[in-house]
Every structure is written in structure tokens, then in C-alpha cells.
Amino acid sequence: MLKLQDLTKAYRTDEVETVALNNVNIEIETGEFVAIMGPSGCGKSTLLNIIGMLDTPSSGHYFFKDEDVAGYSESQLGVIRKQHIGFIFQSFNLIDELTVAENIELALLYHDIPAAERKERVAAVMDKVGIAHRAKHMPSQLSGGQQQRVAVARAVVGNQSMILADEPTGNLDTAHGQEVMEMLQKLNEEGTTIVMVTHSPSHADYARRTINLLDGHVVTESMRSKI
Amino acid sequence: MFANYLNMTFRNILKFRLYSAINIIGLAVGLAVSILIILFVAHETSFDKAVKGSDRVYRLNWESNSSGARFATFFNPLSKNIAEAYPDDVEDLTRITLSERLLNIGDEKQYQTISFVDPNFFDFFSYKVKSGSAETALSNLNNAVLTEAAAELLFPGEDAIGKSFTLDGNHDFQVTAIVDNNKSNSHQVSNIFVNMEMLPVIWNDPTFWERNFSDQLYHYLRLAPNITGDVFAAKAYEYIKNNIGGDFANNIAVYAQPLNDIHFNTELQNEMTVKDTVTGLSKPARQRSDISIFGFVALLTLIIATFNFINMQIAQSSNRIKEVGVRKVLGASRKQIALQFILESTVMALIALVSSLVIVEIFAPFFGSMLGVPLTADQIYSGGFISGLILTTFLVGIISGFYPALFVSGVLPAKAIQGRVFDGIGSSKLRAGLVILQFSIAIGLISATGVVNRQIDFALNKPLGYQPEDVIVVRLNNQEARDAYQTMHDQLIKSSLVQNVSAASIIPTWDLSDGATYSKEGESPDFKLVTRLIIVADGYFDTLGMNMVAGRPLSDDFAADRTPQFSPENPHVSGGLVINETAAKQAGWTNPVDAIGQQVYAAFSFGNTNYRIDSNIVGVVEDAHFRSIRSAPAAIAFGLGDNEQVMVIKVSEGNMSKAVPFVDSIWQQHVPSYPIRRSFLEEDYASFYAVEGRVFRMFIGFAGIAAMIACIGLYGLASFIADRRTKEIGVRKVLGASVLNIVAMLSWELSKLVIIANIIAWPAAWLMMNDWLAGFSYRINMSITPYLIAGIIAFILAYATTSLRAWSAARINPIYSLKSE
Ligand SMILES: Nc1ncnc2c1ncn2[C@@H]1O[C@H](COP(=O)(O)OP(=O)(O)OP(=O)(O)O)[C@@H](O)[C@H]1O
Ligand SMILES: [Mg+2]
């Protein structure tokens, strides 16, 4: 699905240069479920953002479906991103002014899909994540777990083939965290590639492979034996 | 897609209710104020433009070389001769004069202003004929034409065509045509028209058309397209020089006054009355500088409201970054995000436009009545005005959406999601520029308002040089009344209700129409005493409360004071003279006492006779403002004689209600054939100045509103700056800064911008106000005070808003503000 080659990301602020990712080489196959772990500040989010094309690398290559997108402009990336990639954030990032259904629909809005079909697909995905009865509610009226379920629904409603999740359970209690993980697992089983940043070893266990980062380097990659 | 944008737009407007309301109201009020002012300015600048070929229409003026006075009138018979002499240059000529006559319909008597016109007057001034035929209407000398308003006034509820009225008790006229009313933006105020050829009959003046030097008529010319007014005026003067010549030609200059100048010329003598006595509408001439200052305020208000709106939208955009990030993550392109912002501000601007139109609908009539101008909101919807407005609104919407669109939409989604972009929104230079501009306009407006306010106060409270209180004015508008003056005087003065009675050719509030040029035996030719001349009766100065600064008033107690009427049989006359301070100064008598006892004379020839009037100056009287406070008082000479056009009665204090019926009864007794024509000097004076005062109070109100709108924008900007720094404030607090430290720091930053704004605004406002003040002969000395006050207000505002915002930001527990990352 994607391949990072000698990928480096450095942030320059005024005088200091922070190297967030240093010569990273990673390959992810279609249909994989990969967890990324590591201490705070090691570059996990940076990595995920670059994979998700929300940010661009400073140097190196990024092959997405065999296409090197490293040098692409923001708008070029945007086109690929909206076709293939869905996002889930720790802080949900729902738009407060829109209802649950509208928040989910937003992901289809930029896709030239007729209104009737949009409504259908939104309804279907809401059923799937069990949030249909909350369709007309505002995000502020939902619990954290419910909000994250909306975010998951939003990430998949466009039939994205890959979901990137940055600490999706970070703001949730154990039970709700579990729920979200099961949802991701189900999506993975249906064929969606999932890359997830997490601090929780037990949640990392849902993944087939775990990549450990330290100071911008990949230190270990471990495969889960049982599958 | 679009529906979603709109949906989102309304959600956002509702979500930030208070903010949106402030922003929309600010723009709506700003737009409304500008629209109202523009309506007024448009009304004033459109004066007489509806006349066919208005830019080729001129009114002939003449100027007296000796006194420098210029007259709106021109010599009665000469315009026709001149027009005939230059047939290629003059397309059309028409003349008018207005005269108040006694009008009877059956037994009902009333004074009405009758206009004597050439039959082509209606065509010349593009009147619409409502019934009858205006072209032929005046062909018969006993026909009359009425405006609709006059028809309704004289013959209410009837068809006026065919009805008759009588002038001065013995001239019958029949109404043969009705024309539409004078437009409110036409300088014409006539409603009852009869043929000009009736003038010699009604004025009982058979030689009227034979006297080249009399100037009772207004003469309008429509020139051919290829000649300018100045060139034609030179030709007209050439004609006079070649065909009349002599002293007359040497002493005059000829002007062709553009039709469109009439409403803006406040300096002419013999100007046509501006009051339409039938409709009650008054159309005072305006100073161009007044109109331009109004236009300027309209423009500033529009600019300030726009900037305000833009500033607020920018400030608000910082609250939208996360939303933008999410949308981008979900695939929104930069263009789509930009569109959303532009749509939102355009929708808000349109809401503001609609609200402003509602405000204008409500306030236009009120505003118009305050200004004495009939304004209706209808004018907005005509022609390019509304399209201009809509276009402006769209522009405002697009521009104010553009800045957030440009910056917020360009933010990298990864950063937007992380909230790392707060500092990056737009360049701080641009923001500083906006703050400076907004403050500059506010400071300029506030200081200009201060100057206008002080000047108007000064002008309206300036001593007039006479006392209009408790003075009844009675017009001696017929021979019977003039003959009865002395009898009425003697009877009135005996009453305890009356303090003083006098009469004169002219009183304050009237036009100073007659002039005299005096020489002095044995003086150098430089000696100049050119004055306006007023013939008064005994007691004039006392009755009007005009104080002598040297010598004594003219009085019948001194037999030599009275100047007899000169005539071919009696060409040398002499008498006493009182001059005013301005006249004394002009003659070089810097100390008024120096004027007393001086002998001067006026010499002129008329026909074949040389006349000479010798005058002995017996007193110098304080300057009085006969006309506008704006113009310098004219040099005036007062002679004691018989030309009683008006009687003035000073009533003893508190007795006005009893005195009025008493005066009426005396009139009735001695002038039974004519109803009394009476007014109060105080009211005449007030109607003269009140409008002017009101116009400027209005101006002050508007400038105040504009300044207030500016403050809203300042608050928005201050909030924005404080919000941006929430985190920094948190850090500083953690490091030990007190809330006060933080407030001081933020305020100082804004204050620096305010200082720059002052540096820009002061000189600009100073120059403008200097220009405006130049239109007043008596003006305040420009002081720094209004500018200082404006500057201080701006500082207070800057401090208040930043403090308020900084205070709340600084009081937040740093844990929360730091978490906002
Ligand atoms: N926009 C940025 N500008 C400057 N430095 C940045 C930026 N984003 C990240 N960094 C720096 O890059 C490094 C990696 O950051 P990143 O957010 O990827 O860490 P992380 O592994 O996700 O940490 P956490 O587990 O706390 O989320 C850090 O040192 C961070 O300070
Ligand atoms: Mg992270």
C-alpha cells in the first residue's frame, strides 16, 4: 500500500531545528493493521500526519500505491487523501456547529456525491457504528465514546481504504476504548488498512504489527505471532 | 454543496450570535448613515439638474464695481436686447420676478406670492402641464397658471381651470392651466403665475420697461452648446458698453451664473426667496463646503463600517481554524474553504444591507424634516443607487471574507488540527495597518466633530448686533399703510404695551438691496466709503436694540438729520448719516469717534441731472448680522428719510399676547383695505438660522455614530490580539506576571498603534477643518483641544478594550490556556 524510504522530517522554528523523523523506512501492505508506539515526542504524530498527507516530508520518498508523493503540493495531496484516507483523532475533531449526521456527511461533501446517495450512506454507516439514534444531536450532547464513534463513521463513510488513527482511545475510558478498538478491528477484517498511534500496549495487541519509534528512529518492529 | 455552505453560514452566524449581531448592526448602521447622508447630498447636488439642458442654462448677474456687491437680478429690459443682439448664442430667454400681492377669491382675502413670468417659462424650466395648455396659457394678459399645490390651496377640492381671482382688488385673472409642483430640488418657489407684461400695470409703473438701470427681474438664458457662460457674459458687457455706455457701463460687471450654481451661492444680493409659501418648503442655499463635508462624512462612515466589518471577520476567523483543519482533512480544497468564508461574510453583509434599508425607510422622513429637505427612501431604489449599494455590499462581503479565506484556508491541515497556527494568521503588519487605519478614521471624525460643534456653538451664540426679542414686524406693503405709518406710530407708542416703534426700508433678516458710494471733499481718491444703504425712521436703533458705539442715533429731534427725497427739481439734498463699524473702518476711521462730524457726499447723474447728497456723520452703530452669520457684516449707512417698507414694534416684556391684537386693531382702523401682514422678528431670525444649526447638529450626531462604529471594530481587533496571545499570557502568568502586568503589556502594544494613528489623523483633520472654517467670517481659532480630546478618547478606548479582553484572558487559570495548544 505504501512505502517510506529514508524519510526525514525536520521542523524549523526561529533558531532551533527539531528533527521529528530521521531516516525512517517503513512499508505497509494493503489490509494491514499497524500500531505505532513510542514515548511522547518521538515523532509518532508526525509520522502519521505524513502518511496521511496532512504534512510533507523534508526529504526522502513516500510511495503511495507506487506513486512517489513526497514532492507533491498540498492540493495534489488533498486529491489523493480524500479518495483513500480517513482520519480518527484523539480529540475527535468533530465540528461543533453540525449535527452528528451532518458531521459524517461532511466527508462526502467534497466528493461529488449526489445528496440522496449521501444521505443513504450516512444512514448506513451510522447504523454500523450504532449511533443512528443520535443522528440529529450535536457533538456536545454526546459522550466521548459516542463522539469517537461518529469520528470513525466519518472516517469510513467515503469507503476509504486506509484509516489513520492518532491515539483514538487516548481520551476514552477503558470500556469505550475497547469499543472503538473492536470497531477498528472489524473494519480491518473487512479489508481496511489501519495505522494507529497508541500508548496502550493492550490496544496495540489488536494490530498485526507494532512499530516502535524513539527520537525519530524506527527501533523495533514486532509481528504478532497469532493471527 | 452550496446548500451545505449556506446551512453552515447560518449556523455560524447563530453560534456566534453576539458577535454576528454586533458586526451586522455595525455595518447596517454605518450603511444607513451613509445612505441617509448620500440621499441628502444627492438631493442638494441635483438642484436644477432636471431642467432641460441645465448645464447650458445661466442666470444673468451684475456686480457693482464700487461696492463689489453682486446681484442675482439683472436690468429689466436689457436681457432681451442682448439676446436679440446675439441670436446665435442664445437659444432661449425667460424672466421672472416674485411679488407679494393681495389676492381675492370672492370675499376671501389673502397675501400670496405672485410670479410674473414670460409665457415660455414653463417650457424653459420643464414643468409638466397637468391640465390646460401652458404654452398658450399666458397669451392673454388676464390668464393665470397655477401649480397643483396652488390650485389645491386656492380652490380646494375643485377644478381650478376657469376659476378666477383678483389681485390688489382690481385686476382679475382666470386660471387657464395647471402645472406640476416645483421639485424639491429646484430653486423655483413660484406657484401662481401671470404674464410679465402685467407688471407695469400691477406695480403701477408705466415706465417699467424703459429704465435700463432697474433690476427687479431674474433673467435666465439657455445658451447654444458652443459658447461658455464667461464668454457670453463678456459679449453681454460689450453690448452694454457699446449701446448704453457712460458711468453705468463703467460701474458694472456682468456675470453669467450657471444654473447649477444658484443653490450653492450664498453671497448674492437680491437673491430670489428660497421659501415656497404655498408648500411651506424652504430651499436655503448651501455652501459647497458644507455639502462636501457631509459627503466626506458619508464616505468615512462607509469606509469605517467596512473596515470594522473586515476587522471583525478577521478577528473571528481565529475561532475557525480547527473547523477548517477538519474540513481539509476530510478533503475540502483550499478553494472550497475560501468560498465558505467569502459566502459567510457576503451573507452577513447582505443581511446588514437589508437592515440598513429598513433603518433608512424608518428614519428618512424624520431626517429629512430635521434638515428641511423632503427625503424619502424611494430615491434609493431608483437608478444606479441601489445597484451601487448592492455592489458595494458584495464587495464588502467578498473583501472581508477574502482575508480569512486567504490565510485560514492556506493553513496546513496538520497544523490546523494541532492548533499550532494561531500566530500565523495573516501578517502582523497588515493587522497593525488595519488597527492604525481604523483608529485614524475614528480620531479624524471625533476631532472634526469637535471643531464643527465648537464653531456652530460659537456662530449661533455670537451677538447678532440687534435684539430680535419681542419685536413685531408689520409689512407696510401698500400705499395706504405707508401713508398711515405716522398715525399708527403715534397711537402705538402711547400704549404701555409698546416700548418703541419705528420703520425702515430694510430690517435685519432682509436682503441689503440698495447701495451708496460716498466721497469726501479734499480727501485723496483712495478714500472709500461704499456701503449698503438703509432708510430708517426715527427710533430705528432703539427699537431693534442696536447700540451706538460713538455719536448718537438719527432722530427727528434734530431737524438737520432728515434727508429729503431728491428729485429733478431738488437735486441737492443733505442730512445726517449713521454708519456701522465696518463702514467706519473701511473709510479709515479706526476709532469710531473719528467718524463723528465727518462730511461725506454721494454724487451721481441720472437723465440730464446731476444729483448730490451731502451727509453729516452723526453716529457709528455696532455691526449687526443682517444675513448669514457666515458672511462678514456688510458696510452699512443709515439715513433718516421716508421709505417705510416695514414697521417694527418693540413690545414691553411679557405683553406680547396683548400687544398682538392691539397692533392688529390699529392696523384695521387705519388700513382697512388690506389685511395685516405681520411676523415676529425672533421667528424670522430663527427660521433663518435654525436650519443651519440643525444641519450641523445632525452632522455631529452622524459623526458620533461613525465614531461609535469605529469603536466596535477596535474592540474586535483588541479581542483578536488578546485571544491570539492566550497561551503567551498563560506562560507569563506561570512565570510570575500579575494580571496588571499583562494588561499593561497588551495595552501598551495597542497604544503604540494609536500614537501612529494620531500622527496620521491630526494633520489630515486639521487641514480639512481649516478649509471648512474658512467659509465663516467669524470663526473660532483652531485649537489643539478637539484633537487632543479625540486622541485621548482613542487611547481610553484602546485601553478599555484591551484591558477588558486581556483581563479575562489573564485571569484564566494558566493550565487551561496552556492546554489550548
Ligand atoms: N509543527 C511543529 N513545529 C515544530 N516542532 C514540531 C511540530 N510538530 C511536532 N514538532 C516536534 O517534533 C517532535 C515530534 O512530535 P510529535 O507530535 O510527532 O510527537 P508524538 O510522538 O506524537 O508525541 P505525543 O505522544 O506526545 O503525541 C517533537 O519534538 C515536537 O516538539
Ligand atoms: Mg502525538
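**Exercise 1. Two partners in chain B**

Task: Find the distance at which the side chains of Arg562(B) and Asp556(B) meet in a salt bridge, and decide how exposed each partner is.

Solution: Start with the pair itself.
- Arg562(B) and Asp556(B) join their side chains in a salt bridge, with N to O at 3.4 Å.
- Next, take the accessibility of each partner. Arg562(B) has a relative accessibility of 28%, so it counts as partly exposed.
- Asp556(B), with a relative accessible area of 41%, is partly exposed.

Before going on, please keep in mind that you are looking at a predicted model.

**Exercise 2. A link across the sequence of chain A**

Task: Which parts of chain A does the pair Glu32(A) and Arg209(A) tie together?

Solution: Look at the bridge, then at where its two ends sit.
- The salt bridge between the side chains of Glu32(A) and Arg209(A) has an N to O distance of 2.8 Å.
- Glu32(A) lies in the loop between strand S2 (16-28) and strand S3 (33-37), while Arg209(A) lies in strand S9 (residues 209-214), so the pair ties together parts of chain A that are 177 residues apart in sequence.
- Now check the burial: both Glu32(A) and Arg209(A) are buried.

**Exercise 3. The overall build of each chain**

Task: Describe chain A and chain B by their helices, strands, extent and burial.

Solution: Take chain A to begin with.
- Chain A has seven helices and 10 strands.
- Its C-alpha atoms fill a box of roughly 45 × 40 × 35 Å along the principal axes.
- For 227 residues, a compact globule would have a radius of gyration near 17 Å, and chain A agrees with this because its own value is 17 Å.
- Of those 227 residues, 53% count as buried.
- Among contacts in chain A with a separation of 6 or more, 68% come from residues 24 or more positions apart.

Then turn to chain B.
- Chain B has 24 helices and 22 strands.
- The C-alpha trace of chain B spans about 110 × 65 × 55 Å along its principal axes.
- Of the 821 residues of chain B, 54% count as buried.
- Among contacts in chain B with a separation of 6 or more, residues 24 or more positions apart account for 79%.

**Exercise 4. Where the chains meet**

Task: Build up a picture of the contact between chain A and chain B, from its area down to its salt bridge.

Solution: 
- Chain A brings 24 residues to the contact and chain B brings 23 residues.
- The area buried between the two chains is about 2,300 Å², and carbon and sulfur atoms give 58% of this.
- Glu74(A), Glu97(A) and Tyr110(A) supply 30% of the area that chain A buries against chain B, more than any other three residues.
- The interface of chain A and chain B holds one salt bridge: Arg11(B) meets Glu102(A) there, at 2.5 Å from N to O.
- Two residue pairs between the chains are in polar contact.
- On the side of chain A that touches chain B, helix H2 (74-84), strand S6 (85-89) and helix H3 (100-109) each supply at least two residues.
- H3(A) gives the most, with four residues.
- By class, this side of chain A has 11 nonpolar, four polar and nine charged residues.

Terms used: Residues numbered from 1 in each chain as written. Chains lettered and ligands numbered in written order. Predicted model: local features only at pLDDT ≥ 70, side-chain atom pairs only at ≥ 80, totals over all residues. Heavy atoms only, no water. Contact = heavy atoms within 4.5 Å. Buried area = accessible area lost by both parts, 1.4 Å probe. Salt bridge = Lys/Arg side-chain N within 4 Å of Asp/Glu carboxyl O. Polar contact = N/O pair within 3.5 Å; in protein donor to acceptor, adjacent residues only side chain to side chain. Nonpolar A, V, L, I, M, F, W, Y, C, P; charged D, E, K, R; others polar. Rg over C-alpha atoms; globule rule 2.2 N^0.38 Å. Buried < 20%, exposed > 50% of the residue type's maximum accessible area, 1.4 Å probe, protein only.
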